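Visitor: I would like a close look at a single part of this protein. Please keep it brisk and give the cut-offs.

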Amino acid sequence: MSDYFMNTYHRLPVTFTEGRGAWLYDTTGKVYLDFSSGIAVNCLGHNHPALVRAVSVQAAKLIHTCNYYQSDVSLVFAEKLVRACSGAGMKKVFLCNSGAEANEGACKIARKYSLKKYGEGRHRIVTLKGSFHGRTITTLAATGQEKFHRDFGPFTEGFDYIPGIAALDKALDKKTTAGLLIEAVQGESGIVPQSEEFIRAAAALCAERDILLMFDEIQCGLGRTGTFLACESYGVKADVVTLAKGIAGGIPAGAVLAGDRAAGVFETGDHGSTFGGNPLAAAAGVVVLDTVTDPAFLKEISRKGEKITAILKGWNHPLVKGIRGRGLMTGIDIEKDAWPVLEACLAADPSGLLILSAGQKTLRLLPPYVISDGEIEQGLALLRTVLDASA
Ligand SMILES: *Cc1c(COP(=O)(O)O)cnc(C)c1O
């Protein structure tokens, strides 16, 4: 462990040096199967040939230009990204660097949209209890979990958290509310897909009351659930979509996209980001989009996800209380604390397994899209051995 990092993370005792596909190697040469993808970031796995080539070639050409100008590759990236999100009604994009930054952008769009059309006092943004939207002061305020609301106040004013569909009608107050920000499948709170009923009701009320419907697709988007955006599978159109995590396969990047109602809200000088749309990240993003928008590739994500769920259900394991899956996003509720299971998977011999937790008693699996059937079976067999040992 380093003396030089601030103490923000509960770090596990492993130091990685290399990766290949769904495998990682540590400083002792031990190998690990990666069912975490760096929290849904390394969606194409490690050392993906086309991604490595694109980043290397781009690094040798042009790494950065500021947004006074455009770069050839960022133009291509923006067009491909908007097209990939056109099923959800997206028309334009703002490029940034992270999920929190993308959600900040979304909140700014909702506030300005409402202010220009309806004047002051209609700035509230509704989010869900259990949601996670980021670590900046505003995105912590947007996050509907009490444990994040300690120590760092005062927070940005104007966020309301609702438990679910019963509270929608009242919370989406036409006089005070500018936007609704939701994850179609909640990630950090344990892989919790919203019901069709909820999403449809939300979309209908937002349309009727001119409230922006904003999907945080940072964890569940980019093919993770088997459709390019998770919200697409509900058959609704969004006003704003945010992306980050896997968008450039591991190079930091994020995006705020907007449809007809909101695409023109930001005017010159309203928003910016020094690194946003950086050529290096754009070159990586083009490879991710070219790969993940292929319908056959998306179908494989769904098939692999169903395989994972089928194997887990087949165990009938006494420690497993619930299994929720959408594509390669799986939440497993267990009777015990998740963290010791995660530690035991990491420590397993001769090869370890990387998994994530979500909350105290849920295991979260987010393998890379390129994982093979054999690797799925191998990783789950290892997880089962660990669960058997702790039963
Ligand atoms: C990870 C995550 C964020 C925050 O992204 P950062 O890149 O860490 O700022 C926001 N929303 C969701 C749903 C996430 O999973």
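Leaving aside neighbours within four places in sequence, which residues is Leu-213 in contact with?

Guide: First, the ground rules. This is a predicted model, where local features need pLDDT of at least 70, side-chain atom pairs count only at pLDDT 80 or more, and totals for chains, interfaces and linings use all residues. Residues are numbered from 1 along each chain as its sequence is written, and side-chain values use heavy atoms, with hydrogens and water left out.

Now Leu-213. Contact means heavy atoms within 4.5 Å. Beyond its neighbours within four places in sequence, Leu-213 touches Leu-180, Ile-182, Ala-203, Cys-206, Lys-237, Ala-238, Asp-239 and Val-240. Leu-213 sits in strand β10 (residues 212-216). Strands (E, at least two residues) and helices (H or I, at least four) are DSSP runs, numbered from the N terminus. Leu-213 has 2% relative accessibility, so it counts as buried. Buried means under 20% relative accessible area, exposed over 50%, and partly exposed in between, with a 1.4 Å probe and protein chains only. Ala-110 is 103 residues away along the chain, with 9.1 Å between its C-alpha atom and that of Leu-213.

Next, helix α10 (residues 338-347). Its buried residues are Ala-338, Val-341, Leu-342, Cys-345 and Leu-346. Seen down the axis, they fall within an arc of 140°, so they line one face of α10. That arc is taken from the directions from the helix axis to the C-beta atoms. The buried residues of α10 pack against β3 (31-34), β14 (330-334), β15 (352-354), β16 (356-357), β17 and α11.

Helix α10 also gives two or more residues to the lining of the largest pocket, as do α1 (37-40), α4 (99-118), β15 and β16. The pocket has 45 lining residues, with Tyr-9, Ile-39, Glu-188, Leu-356 and Arg-364 nearest its centre. On a 1 Å grid over the protein atoms alone, a pocket is an open set of points where a 1.4 Å probe fits, with protein on both sides within 12 Å along at least five of seven lines; lining residues have an atom within 4 Å of a point.

Last, charges over rings. Here NZ of Lys or CZ of Arg must be within 6 Å of the ring centre and within 35 degrees of the ring normal. Arg-11 lies over the face of Phe-5, 4.5 Å from the ring centre. Arg-122 lies over the face of Tyr-118, at 4.1 Å.
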